[in-house]
Amino acid sequence: ASGDTGGRLNRLCAELLYSADGSGNIAILRTPSGGAQYFASAIDGHDDPDVVGTVAGDDTVFVISRDVDGGPELAKKFLDRASGVVHD
């Protein structure tokens, strides 16, 4: 990843993340209508070692965790980013 992808992702979390929840190895992130694909692209571009990849619809992003039970913790990580708690 090039540039300040962490800072960009923090800003997008603050702007686009409505809610986050997790189950098993998936974090489910809710965005405004039309925001999911843009948000997923930023997540993929950040190269987080905990993230295998994303699947985006219109207003929902599934983030697949590398850890088989990592979905809830990954959801918390995105909520932390949205509230200004830095993860990098």
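**Exercise 1. The sheet**

Task: In which sense do E1 and E2 pair, and over how many bridges?

Solution. In this predicted model, E1 and E2 run antiparallel and pair over five bridges. Now widen the view. Four strands make up an open sheet, ordered E1-E2-E4-E3, with antiparallel pairing. Strand E1 (19-23) and strand E3 (51-56) are the edge strands, each pairing on one side only. From one strand to the next, the twist averages 20°.

**Exercise 2. Helices on the sheet**

**Exercise 3. Helix H1 and its cover**

Task: Compare the reach of H1 with the expected value, list the buried residues of H1, and name elements that cover them.

Solution. First, the span. H1 covers residues 5-16, which is 12 residues. From first C-alpha to last, H1 reaches 16 Å, close to the 16 Å expected at 1.5 Å a residue. Second, burial. The cut-off for buried is under 20% relative accessible area. The buried residues of H1 are Thr-5, Gly-6, Gly-7, Leu-9, Asn-10, Leu-12, Cys-13 and Leu-16. Third, the cover. It includes strand E2 (26-30), helix H2 (36-45) and helix H3 (71-82).

**Exercise 4. Aromatic pairing**

Task: How many aromatic pairs are there, and what is the geometry of Phe-39 and Phe-78?

Solution. The count is one aromatic pair. Phe-39 and Phe-78 form an aromatic pair with 6.4 Å centre to centre and 75° between the planes. Planes over 60 degrees apart count as edge-to-face, and this pair is edge-to-face. Phe-39 sits in helix H2 and Phe-78 in helix H3, so the pair ties together parts 39 residues apart in sequence. Both Phe-39 and Phe-78 are buried.

**Exercise 5. Salt bridges**

- Step 1. Lys-77 and Asp-48 meet at 2.7 Å, N to O. Lys-77 is in helix H3 and Asp-48 in the loop between H2 and E3, so this pair links distant parts of the chain, 29 residues apart. Lys-77 and Asp-48 are buried.
- Step 2. Asp-50 and Lys-77 meet at 2.9 Å, N to O. Asp-50 lies in the loop between H2 and E3, and Lys-77 in helix H3, so the pair ties together parts 27 residues apart in sequence. Asp-50 is partly exposed, at 37% relative accessibility. Lys-77 is buried, at 13%.
- Step 3. Lys-76 and Asp-80 meet at 2.9 Å, N to O. Lys-76 and Asp-80 are four residues apart in helix H3, so about one helical turn separates them. Lys-76 is partly exposed, with a relative accessible area of 43%. Asp-80 counts as buried because its relative accessibility is 15%.
- Step 4. Salt bridges that share partners join Asp-48, Asp-50 and Lys-77 into one network.

Technical notes
Residues numbered from 1 in each chain as written. Predicted model: local features only at pLDDT ≥ 70, side-chain atom pairs only at ≥ 80, totals over all residues. Heavy atoms only, no water. Helix = DSSP H or I, 4+ residues; strand = E, 2+ residues; numbered from the N terminus. Expected span 1.5 Å × (residues − 1). Buried < 20%, exposed > 50% of the residue type's maximum accessible area, 1.4 Å probe, protein only. Contact = heavy atoms within 4.5 Å. Phe/Tyr/Trp six-rings, centres within 6.5 Å; stacked < 30°, edge-to-face > 60°. Pairing = 2+ DSSP bridges. Axes fitted to C-alpha atoms, helices over the stretch in contact; angles between N-to-C directions. Salt bridge = Lys/Arg side-chain N within 4 Å of Asp/Glu carboxyl O.
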